[in-house]
Amino acid sequence: MGKTIIISNRLPVQLQIKDGAITATPSVGGLATGMKSVHSGGESLWIGWSGLTNEEIPKKLSPRIDEALAEHGCAKVDLNEDEVEGFYFGFSNRTVWPLFHYFLEYSEFELHNWNTYKAVNQKFADAILESASDDDTIWVHDYQLMLVPQMVRKKRPNIAIGFFLHIPFPSFEIFRTLPWREEILHGLLGADLVGFHIYDYERHFLSSVRRLLGLEVSLNEIYIEERMVKVDSFPMGIDYKKFSSAALAHHKRKETELSQLQRSIANHKKHTPDTKLLLSIDRLDYSKGIAKRLNAFEYFLNKYPEYKEKVRLIILAVPSRSNVPQYRLLKKEIDELVGRINGELSTVNWTPIWYFYRSMPFENLITLYINSDIAWLTPIRDGMNLVAKEYIATRTDKTGVLILSEMAGSANEMNESLLINPNNFEQIADTIYTALNMPKAEQIARNMILQKRLERYNVEKWANDFMHSLQNHQTTSRTNISRKLSDDLMNTMVTTYQKAKKRLLFLDYDGTLKGFHNDPQKASPDKELYDLLDHMSAQKNTDVYLISGRDRDTFTRWFLPKKYNMIVEHGVWISTQGEPFKLLEKVKNDWMTNIRPVLESFVDRTPGSFIEEKDYSLAWHYRNTDPDFGKQRATELTTVLTSLIANDNLSVLSGNKVLEIKNSGINKGRAAQRVLAEDDYDFVFAIGDDWTDEFMFQELPKSTLTVKVGLQKTQAKYFVENTKKVRALLKKFTTN
């Protein structure tokens, strides 16, 4: 069993250089806490930036820093000031962060920053590659390192890689504005498992993959070349025991052991026992909606003036990215708002807002949590928001009310809180009123459910669930899919082919011999393909059949002069050695006049779709439509058609971006069996790319060498990645 390598922008330790000495102390952050079980259990290594630039580290101290980090199971990636500026403050926090939080107006698309981001991601990837072996497990974290999975995958194609995004993934309409959108998606798809906090982010990611990359997505699985990437949601928890234990310990402290903040709040409650405290804790970030919250609080006091002098809002804004212009402007706006509201509404005995712009030690956070009657957390957009969970964990008597923005990821698993739209001041004011008047019995009932859930799904379980899912994916992904046709297997197959006395080959066309085209009529054979088929057909004791869902007229035009053997319309027509097509099955087409209007109505309502009319079937193509919309329409059309044709001996066949209505019981497998019965073959081969070819794989004898094109669940024994690999295999068949 290999080691686990964790990669994040920052290491879980704080470095300090003082008087030529190096000290390294563990961080207290959510990720550092969450990864404790993974990082401490067994052999592991954590790679990241130390927080000190190359310019800040004296050369003679660099080896000592490595030694200090090694004691904590860490290794550093060296970054200079320019790299930190372009990679972290530039692309990560002035491009990705605002864009992924739906603040498009703040996003900067600077080529220089993008190039720096790529270069730094490569540095992280190189650091991984220096330390990793193929049996290791890699877990990459967050938006600063979205290119790393693919960079590692290029060098180590068989290594297990997981990626987790700790911020929201935006909708396709937002994400598509990023100039380097395809590169980001390809970077993430280098992982075997891509994790998000909630299903909404997962859904947005899958939609972008379908629409921008055109990759096949089945439920939460993405098929890319010879791999399958799984996408799933894992809501991050907190160290529940840490917060609940700290709260219990706080209640047991003697008066002489209290901090200054504890004494101040205790004194306030003693002199104003009826005053309710509302708590707001956030990093100072425009995504947190602090300014809106202040305006909403003013609106509440004006709508419910009876609560003036009876409520107080505590705002703790933790400094963040103060060198980014938007953050400096935001601080100025909040400072001015607090000053104006306090100036207009304060009385001699009452200041409506207590405002702190600072970080607070853990003990003081606990003090604020347990003394606040209401936690009011209303981000405009937030990946998770762990403060909401921390507040609930500290309510040891199970009282207190949580008002939470429905835009926070944690809202999905905290429905017992009071959920609000952070932009709706009327709703916010009424919700604060409800919270202030909520009976204790109701508070306890709500918080009991929340606490049980948070205690059960804590941060350790989050980390372990992700790792187990990654490991399970590694062991099961290949068992559900056919075996890759490696060079050794291919050579064995070619040897068997050459030794055979009588050979039979069934070759699908679209997606197998030739790639797909938006206009099916333009996917005509090229010279290389003609030459290949000529060589194969000319071989002695070899019967080659092109077997396709294509219409008779198209194949007549393309291939009849070549005298190839052909089966078209999924087994309706057959042509051998250049003879005109003849019916292989008894079929009818009188139903087509009734079904065509239904397809036409869907064409009218689905831009980019079109109808292909064959002799005995109708096909509705949606390759040129929006992928999500086309898939939705295809599902709808399948439902409509299934009810219409229930008693007409017809069936709906779902192919690659096409629905085809045809006579039941007619398929490629049945046609292939008829051909097989006409002679005694000791080598039978079938290859195809979509569900219509599964009939061949299922119905031909078990001794048949069946090959699927593309990485999908299939009845075929083997798979190859693409049409290029198909032609390479067939060329080997023609080489003595």
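Guide: Two strands pair if DSSP finds at least two bridges between them. Strands (E, at least two residues) and helices (H or I, at least four) are DSSP runs, numbered from the N terminus. The model is predicted, so local features need pLDDT of at least 70, side-chain atom pairs count only at pLDDT 80 or more, and totals for chains, interfaces and linings use all residues. Residues are numbered from 1 along each chain as its sequence is written, and side-chain values use heavy atoms, without hydrogens and water.

Visitor: What makes S9 and S10 a pair?

Guide: Three bridges join strand S9 (residues 216–218) to S10, and the two run antiparallel. At least two are needed, so S9 and S10 pair. In one of the bridges, Ser218 has Glu221 in S10 as its partner.

Visitor: Why are both faces of S10 called covered?

Guide: Buried means under 20% relative accessible area, exposed over 50%, and partly exposed in between (1.4 Å probe, protein chains only). In strand S10 (residues 221–224), Glu221 and Tyr223 on one side and Ile222 and Ile224 on the other are all buried.

Visitor: Which residue in S11 is the bridge partner of Tyr223?

Guide: The partner is Met228. Four bridges join S10 to strand S11 (residues 227–233), again antiparallel.

Visitor: What is the order of the open sheet of six strands?

Guide: The order is S14-S13-S12-S15-S16-S17, with parallel pairing.

Visitor: Why do S14 and S17 stand at the edges?

Guide: Strand S14 (353–357) and strand S17 (418–420) each have a single partner strand, so one side of each is left without a neighbour in the sheet.
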